[in-house]
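Please walk through this structure with the sequence and the model side by side. The text below takes up a sheet, a helix pair and a single residue in turn.

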Amino acid sequence: MTQEILTAITDTVGSEVFGIWFLIGAALVFFMQAGFAMVETGFTRAKNAGNIIMKNLMDFCIGTCVFIFIGFGLLLGEDALGGLIGIPTLGIFTDYTNFDWSNFVFNLVFCATAATIVSGAMAERTKFLAYCVYSAVISAVVYPIEAHWIWGGGWLAARGFHDFAGSCAIHMVGGLTAFVGAAMLGARIGKFTKDKNGKVVKVHAFPGHNIVIGALGVFILWFGWYGFNGAAATTGPQLASIFMTTTIAPAVATVTCMVFTWIKYGKPDVSMCLNASLAGLVAITAPCDVTDAFGAIVIGIVAGLLVVFGVWFCDNVAHVDDPVGAVAVHCLNGIWGTIAVGLFATTNAPESTINGLFYGGGISQLSIQLVGVLTVGAWTAITMFIVFKVIDMTIGLRVSEEEEIVGLDEKEHGLASAYAGFSIMDMTEATMAVNENTDLGESDYTRASEVQKAAAVKVAAAPIESESGIHKVTIIAKLSRYDKLKNALNDLGVTGMTVTQVMGCGIQKGAGEKYRGVEMDATLLPKVKVEVIISKIPVEHVIEAAKKALYTGHIGDGKIFVYNVQQVVKVRTGEEGFEALQDVE
């Protein structure tokens with residue numbers, strides 16, 4: 001009797017613990033919304049940052065509203081029509097005491113994930129109203145019905161289809177919707193150059209404006225993925241195994257992508273490697289509970305290569321403009337992860353009852369996985385094509401050309417900038433000071449040959465005249481040479497300057513770098529623009545000092561511009577001309 005009581009207590013405690021973990025996992029999945037928002041914002045342009053944040057916010061909020069009334073019932077309601085659909089229910093209102101609150105919250109956060117995947121691929125040119133409409137349809141109808149087939153006791157579940165955490169139900173559905181939507185929406189202005197026959201002859205790179213925010217989003221998503229994959233675990237060993245496979249696959253995928261892009265493009269691609277981490281996570285999501293370490297490694301290797309292929313395919317074959325790589329990450333790797341169950345599932349994994357093809361299970365599991373991919377894919381593609389078409393024919397899917405060029409932050413939300421108040425350049429160390437040990441840049445200058453020195457520093461003999469005797473000298477140079485330039489001008493007696501950080505390139509158009517495998521037309525490099533007003537100091541001395549400080553002998557050393565200044569007025573005293581400059585020069 002004592003043993004029976006202990007067993008009952010253990011079972012009860014275990015049930016309560018995993019019930020709490022189930023909800024903690026749901027909270028981690030909700031936090032992934034922040035990760036998606038950061039990735040999509042960082043990988044797109046700054047003029048649309050607020051719009052993307054708003055879309056990710058409304059994904060969840062609109063999704064919650066429609067899931068309450070329609071989506072939850074379609075997903076987990078009483079089975080109908082031979083496993084095709086659940087019967088909608090309002091039990092959350094009519095029988096709240098007995099309502100399954102945990103399942104509602106858990107499935108809601110997963111539903112929101114499926115909807116948010118789409119926003120990245122259609123970013124920077126979609127009407128906000130249109131986005132709200134199709135996001136609601138995804139959360140209310142499209143996702144709940146196919147998820148019922150897989151997790152709600154539907155016809156795929158009855159046939160043994162396995163998708164533990166959503167490679168197919170969530171990621172493939174979101175990624176395929178993203179592909180259909182981006183294809184119907186069309187590319188961003190300037191993404192593709194076409195010849196007179198309409199054939200794409202060149203793909204242009206649009207680098208994301210903040211790779212740091214994008215990286216933060218990836219780390220948030222990876223962290224949240226432990227809840228995404230592990231929340232439904234029912235035993236400690238199963239949870240530990242899921243955590244292990246969820247760690248191995250993305251790590252291997254990222255290393256694979258780094259090596260491949262390093263070899264193919266000459267340098268390891270940062271944004272592609274960030275995508276590869278997500279690709280590995282997507283691919284391991286379906287088989288995370290039934291595969292072992294070897295299977296996770298192989299799944300990760302394929303995912304790391306597949307994400308690069310997917311980005312290339314969208315750009316160069318399908319000509320579908322996907323700013324964040326959502327199709328490559330979620331659609332292709334969602335398909336791969338679902339199929340991988342039929343290849344790498346093993347009963348060696350805790351609680352697993354499935355053996356895949358490579359573990360002696362034959363093709364039976366692989367066959368049902370393929371059936372699931374095809375049927376869920378067909379349902380998603382057909383329904384979302386209809387949804388997008390109806391939206392386009394009624395309220396319109398795409399913003400105007402002017403709205404796209406100006407940016408959706410301003411045109412859709414009246415937001416001048418998502419980064420208002422941020423300083424372009426940290427000038428805390430920009431004070432002017434006399435330093436007897438100041439290096440004027442001669443270290444680079446003196447290493448040059450006499451011919452190079454003469455060409456670099458010689459100032460034109462023609463006089464630089466101004467009726468007022470006042471000149472403005474504007475110097476554009478490499479950001480790394482700012483300190484030497486500042487000190488050189490300071491030593492001449494220049495005690496005030498205006499400094500601005502700018503981006504630019506010369507006739508050489510930067511260095512011809514690649515972004516996600518596409519060569520950039522012009523690499524905008526960080527530059528510093530220094531402006532000084534002089535009267536007593538000869539202009540020739542300023543030019544000579546600047547040349548010595550800036551000269552390296554390489555392309556991009558900079559330019560110096562000299563302007564005549566007609567008048568200067570000091571606001572505080574009202575002094576004009578030469579007198580206005582005496583305590584600022």
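**A sheet, a helix pair and a serine**

Helix α18 (residues 482-492) lies across β5 (471-478), β6 and β9, and runs at about 10° to β9. The model is a predicted one.

Strands of a sheet pair through backbone hydrogen bonds, in either a parallel or an antiparallel way. Here 4 strands form an open sheet, ordered β6-β9-β5-β10, with antiparallel pairing. The edges are taken by β6 (498-504) and β10 (558-564); each has a single partner strand, so one side of each is left without a neighbour in the sheet. From one strand to the next, the twist averages 20°.

The next region is a pair of helices. Two packed helices are described by the angle between their axes and by the distance between the axes. Helix α2 (residues 49-76) packs against helix α4 (residues 101-121) at an angle of about 125°, and their axes are 8 Å apart. An angle of that value makes α2 oblique to α4, and the crossing of the two is right-handed. On the α2 side, the residues making the contact include Asn56, Asp59, Phe60, Gly63 and Phe67. On the α4 side, they include Phe104, Leu108, Val109, Ala112 and Ala115. Sorted by class, the contact of α2 with α4 has 12 nonpolar, 7 polar and 1 charged residues.

Which residues does Ser135 touch, leaving aside those up to four places away in sequence? They are Asp59 and Ala115. Both of these also take part in the contact between the helices, Asp59 from α2 and Ala115 from α4. Ser135 itself has its place in helix α5 (residues 128-151). Its relative accessibility is 1%, and because buried means under 20%, Ser135 counts as buried.

Some totals put these regions in context. The protein chain has 19 helices and 10 strands. Of its 585 residues, 50% count as buried. Among contacts in the chain between residues at least 6 apart in sequence, 77% join residues at least 24 apart.

Methods: Residues are numbered from 1 along each chain as its sequence is written. This is a predicted model: local features need pLDDT of at least 70, side-chain atom pairs count only at pLDDT 80 or more; totals for chains, interfaces and linings use all residues. Side-chain values use heavy atoms; hydrogens and water are left out. Two strands pair if DSSP finds at least two bridges between them. Axes are lines fitted to C-alpha atoms, for helices over the stretch in contact, and angles run from 0 to 180 degrees between N-to-C directions. Contact means heavy atoms within 4.5 Å. Angles under 35 degrees count as roughly parallel, over 145 as roughly antiparallel, 65 to 115 as roughly perpendicular and the rest as oblique. A crossing is left-handed if the near helix is turned anticlockwise from the far one by less than a right angle, and right-handed if clockwise. Ala, Val, Leu, Ile, Met, Phe, Trp, Tyr, Cys and Pro count as nonpolar, Asp, Glu, Lys and Arg as charged, and the others, Gly among them, as polar. Buried means under 20% relative accessible area, exposed over 50%, partly exposed in between (1.4 Å probe, protein chains only).
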